[in-house]
Amino acid sequence: MDIHALKRQGMTISEIARRTNHDRKTIRSYLTGDRQPGQRDRSAPDPFEVFVDYVTARLLEDPHLWSMTLFDELKPLGFFHSYPTLTRQIRARNLRPACTACAHVTERPNAVIEHPPGEETQFDWVELPNAPVSWGFPTKRAFLLVGSLPHSGCWRAVLSPSMELPHLLAAMTTVVQGLGGVSRDWRFDRMTTVVKAGSNDLTPMFAAFGKHYGVRVIACRPRSGNRKGVVEKNNHTIAQRWWRTVPDEVTLEQAQTSIDLFAAQQDNRRRNTPTGTSTAAAMRAAERLRPLPAVPFPVVVTEERQATRQALISWRGNRYSVPPELAAATVVVSYRLGSDLIDISTPGGTVIARHRTAEPGLGATIRDTGHVTALEQIAMMSAPPGRPHRHKERIPPGVDARHAADTLCGIPAAPSTTVIDLAAYEKAAKNRNTLA
């Protein structure tokens, strides 16, 4: 503004340059409008410019996408800057659109609750919609059981096809093993598999499960699910940073490996303590957790599977054989915790096969010798004799077809041309007399 004011007073560019202690080319650029105050030209290309299109597209698709989730996606694409640089660029370029649909969401008041080491473990289900079809779940939903230690914030999670009680107990067994021990209390919301509807009593099987591990089971008061805020926050992190980015082509075993790796990475989070800063992994080492029982709780998990035409079923990343009579039929897979055997039965409960389980996700095929032999016999018996016909093979009408056509057209049958040679009969008679 001073330069333009001096120019209006009639000063030349050289005089303005001497008075303001700037170069004449700089003065001329501002007076002609080639340069604007407060805007400095970069001496090098903007390294963030190549990522603007991707960031813009992702934030238009999902206005609530966390910047940390976006940072995780950009690192494999060559983004070598820090997380603060990403957030600063998003703010400076105004890349995040406003979501009008969620502008009126209310917030509940929160309170910070102190949790001594090893006091409790908080459990909760996370419903994951639009699960990949390749997972073979009966519905289009998957369920993730999350267990969190409130003192350290560490958590582990297990994917499950259902929230039924056997699946809950099996998933809890795996989660507790991943956390490294048993706390004094287990906290849940009022899910029907844990608490009887309309009462404060535990269901019989879950009460036995808690007694087996020697813990006290605590259910939150009605409409007070935010009492277990640590696991709720971890659920939010999982949904925003992990589930939103799971590709369609991933298998169930690969997804479980991915969530295990993500949980291990979360252990490196910084935590504020009264004595300074620490990490979640270091605080988990200070948790006073009891060791797990030597024998797992005896629970049987069942899952339905569809057999293929090759009499195979898929279960936990491997394939197991069934009798060939059940090819393309629905069967039930039963698995007892702690056992290395699975039973395959009909929907009516008749066990038709038993296999020793392979390591999940190996892609192995386990066949029973009897199943293989029976399948080969059925396949050979049902195979048509002779060479199969080609699609473009020429097969003209034969003798029988031509005779039938002549009959339909009223054409009399041609006289027989068969000639009987009596010499053959004579020769046969002479031979018979000779032998006699």
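This report walks through a sheet, the nonpolar cores, a few single residues and the salt bridges of a predicted model.

Let's start with an open sheet of four strands, which runs in the order 8-11-12-13 with antiparallel pairing. Strand 8 (300–306) and strand 13 (351–356) sit at the edges, each pairing on one side only. On average, neighbouring strands here are turned by 25° against each other, if you ignore direction.

Zoom in on strand 11 (residues 330–336) and strand 12 (residues 341–345): four bridges join them in the antiparallel sense. Look for Val333, which stands opposite Ile344 in strand 12.

## Nonpolar cores

The largest nonpolar core has 44 residues, and the ones touching the most other members are Leu168, Met172, Trp186, Phe188, Phe206 and Ile313. Quite a list of elements gives two or more residues to this core: strand 1 (120–128), strand 2 (142–148), helix 7, strand 4 (185–188), helix 8 (204–213), strand 9 (312–315), strand 11 and strand 12. Helix 7 supplies the largest share, with nine residues.

Leaving aside residues up to four places away in sequence, Leu168 touches Trp125, Leu145, Met191, Thr193, Val194 and Phe206. There is also another core, lying apart from the largest one, with 22 residues that include Val231, Val246, Leu252 and Ala263.

His167 belongs to helix 7 (residues 165–179). His167 counts as buried because its relative accessibility is 7%, below the 20% cut-off. If you skip residues up to four places away in sequence, the contacts of His167 are Ser160, Pro161, Ser162, Val301, Thr302 and Glu303.

Now turn to Ala282, in helix 11 (residues 280–285). With 43% relative accessibility, Ala282 counts as partly exposed. Asp267 is 15 residues away from Ala282 along the chain, and their C-alpha atoms are separated by 8.4 Å.

## Salt bridges across the chain

Side chains of opposite charge can pair when their charged atoms come close. Searching the whole structure turns up 19 salt bridges. One of them joins Arg93 and Asp46, with 2.2 Å between the closest N and O atoms. That pair links distant parts of the chain, 47 residues apart: Arg93 is in helix 6 (residues 83–93), while Asp46 is in the loop between helix 3 (24–32) and helix 4 (52–61). Arg93 itself is partly exposed, at a relative accessible area of 28%.

Arg184 and Glu119 form another salt bridge through their side chains, at 3.7 Å from N to O. Arg184 is partly exposed at 47% relative accessibility. Both residues also belong to a salt-bridge network that links Glu119, Arg184, Asp185 and Arg216.

## A buried pair

Which residue forms a salt bridge with Arg187? Glu120 does, and the closest N and O atoms are 3.1 Å apart. Arg187 is in strand 4 and Glu120 is in strand 1, so this pair ties together parts that are 67 residues apart in sequence.

Are these two partners buried or exposed? Arg187 is buried, with a relative accessible area of 9%, and Glu120 counts as buried too, at 3% relative accessibility.

Key
Residues numbered from 1 in each chain as written. Predicted model: local features only at pLDDT ≥ 70, side-chain atom pairs only at ≥ 80, totals over all residues. Heavy atoms only, no water. Pairing = 2+ DSSP bridges. Axes fitted to C-alpha atoms, helices over the stretch in contact; angles between N-to-C directions. Buried < 20%, exposed > 50% of the residue type's maximum accessible area, 1.4 Å probe, protein only. Contact = heavy atoms within 4.5 Å. Core = buried A, V, L, I, M, F, W, Y, C linked by side-chain atoms within 4.5 Å. Salt bridge = Lys/Arg side-chain N within 4 Å of Asp/Glu carboxyl O.
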